[in-house]
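Here are a few notes on this one. Have a look at the fold before reading on.

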Amino acid sequence: MAVRPRPRPKQTPKCNSSCFHLITVTIRQTGPSTSQVLTILAGAGLSLLGTVLGLAVATPLFIIFSPVLVPATIALGLAVAGFSLPV
């Protein structure tokens, strides 16, 4: 039976300036592309625009219906507190 030679452990090369350049190039290549960044910014802008428009529509409705909403909220809060407190 033949004896197999032990595999040599891999030696890591010593890093010099070209190795650091290779690392930075690799990191830059794995980052998001310009179109991906612009897509994310456009999505955030549309989300912000939708929020502002929603508040612009909802605020007058809250003001108009506040004489009904405020007492209803208080009554609902007291009812929940009454059921949740121990006897």
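The points below go from the overall fold to one helix and its surface.

1. Bear in mind that this is a predicted model: local features need pLDDT of at least 70, side-chain atom pairs count only at pLDDT 80 or more, and totals for chains, interfaces and linings use all residues. Residues are numbered from 1 along each chain as its sequence is written, and side-chain values use heavy atoms, with hydrogens and water left out.

2. The protein has two helices and zero strands (DSSP runs, H or I of at least four residues for helices, E of at least two for strands, numbered from the N terminus). Of its 87 residues, 0% count as buried (under 20% relative accessible area, 1.4 Å probe, protein chains only; exposed is over 50%, partly exposed in between).

3. Helix α2 covers residues 34–84, and Leu69 sits in it. Leu69 counts as partly exposed because its relative accessibility is 38%.
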